[in-house]
Amino acid sequence: MSLEGKTALITGGYRGIGKAAALRLAQDGADIALIDVAEPEKAAETLAEIRALGVKAEAYQCNVTDSEQCKAAVKAVTAEFGKIDILVNNAGITRDGLVLSMKDEAFESVLDVNLKGAFFMIRACYSGFVRRRSGRIINMASVSGMMGNAGQANYSASKAGLIGLTKSVARELASRGVTVNAVAPGFIETDMTKNISEDNALRQSIPMGRMGKPEDVANVIGFLASDSAAYITGEVIRVDGGLAI
Ligand code: NDP
């Protein structure tokens, strides 16, 4: 129970990778605050699974594209839990399409959630981390942001931007005992990837020959949140079965 006494805030935490991360951090003893654009009632099942592990867990509705909502959510979580020790910026969306036919809205909405949302949450948590001289920030990037992907110019740009954000904030906060890292998953079995066909060329090219599970990503989040990762910052860790080698 290495995270006992710590509070983890996870955006996009009601389902998919965010839910797996919440369960993993709860297994390690952390109390859990879930943030999601959907209303808290939608989190009932996830909250029950987390609480069954013996930790405190609450859900908060917050659209991460709205800076005021991010500030209010961080304030509410801090009031309820006392502090935030671990921030997992996991909320993300896709609006795939070729550049020629990509609408402004498709480009902007993906940048807004995946990149601006993470920035707003980091900024809202920043002074708390600095004051306590400790903290963990873990950003959910993607191999798409490292190698590019046809049909995902918006998504790749947002994730590459998130990697730049990770490295810059890591440099800003290194002397304050706060580590900032990114995880870059490949193809993970969640709602986001359920429509990717088995004969998709990129999926076919995964060296390990299979898609990953949300738990594969959650394990790395658990490690980065732990004391074992205290000397790692500004890093991007791929969890992709070798896809981006
Ligand atoms: P899901 O689509 O399963 O879950 C995304 C979560 O983000 C949902 O809970 C969703 O809420 C929430 N969310 C979306 N928009 C907002 C918003 N504006 N404010 C707050 N919450 C929001 O995705 P995954 O679990 O697959 O992905 C999680 C992260 O991992 C994303 O950042 C994604 O880009 C990244 N990733 C995923 C990969 C994969 O193969 N699955 C590969 C590489 C990276 P709601 O339930 O209400 O819609």
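Trainee: How far is a polar side-chain atom of Lys159 from an oxygen atom of the ligand?
Mentor: This is a predicted model, where local features need pLDDT of at least 70, side-chain atom pairs need 80 or more, and totals for chains, interfaces and linings use all residues. Residues are numbered from 1 along each chain as its sequence is written, and side-chain values use heavy atoms, without hydrogens or water. A polar contact here is a pair of N or O atoms within 3.5 Å. For Lys159 and the ligand oxygen, the distance is 2.9 Å.

Trainee: Which residue has a side-chain N or O atom 2.5 Å from an oxygen atom of the ligand?
Mentor: Gly186 uses a backbone N or O atom, at 3.2 Å from a ligand oxygen. The side-chain atom at 2.5 Å belongs to Thr190.

Trainee: What share of the ligand's exposed area does the protein bury?
Mentor: Taken alone, the ligand exposes 900 Å² (Shrake-Rupley, 1.4 Å probe). Of that area, the protein buries 91%.

Trainee: Which residue forms a salt bridge with Lys116?
Mentor: The structure holds 12 salt bridges (Lys or Arg side-chain nitrogen within 4 Å of an Asp or Glu carboxyl oxygen). In this one, the closest N and O atoms are 3.4 Å apart. The partner of Lys116 is Asp112.

Key: A polar contact is a pair of N or O atoms within 3.5 Å; within protein, one must be able to donate a hydrogen and the other to accept it, and residues adjacent in sequence count only if both atoms are side-chain atoms.
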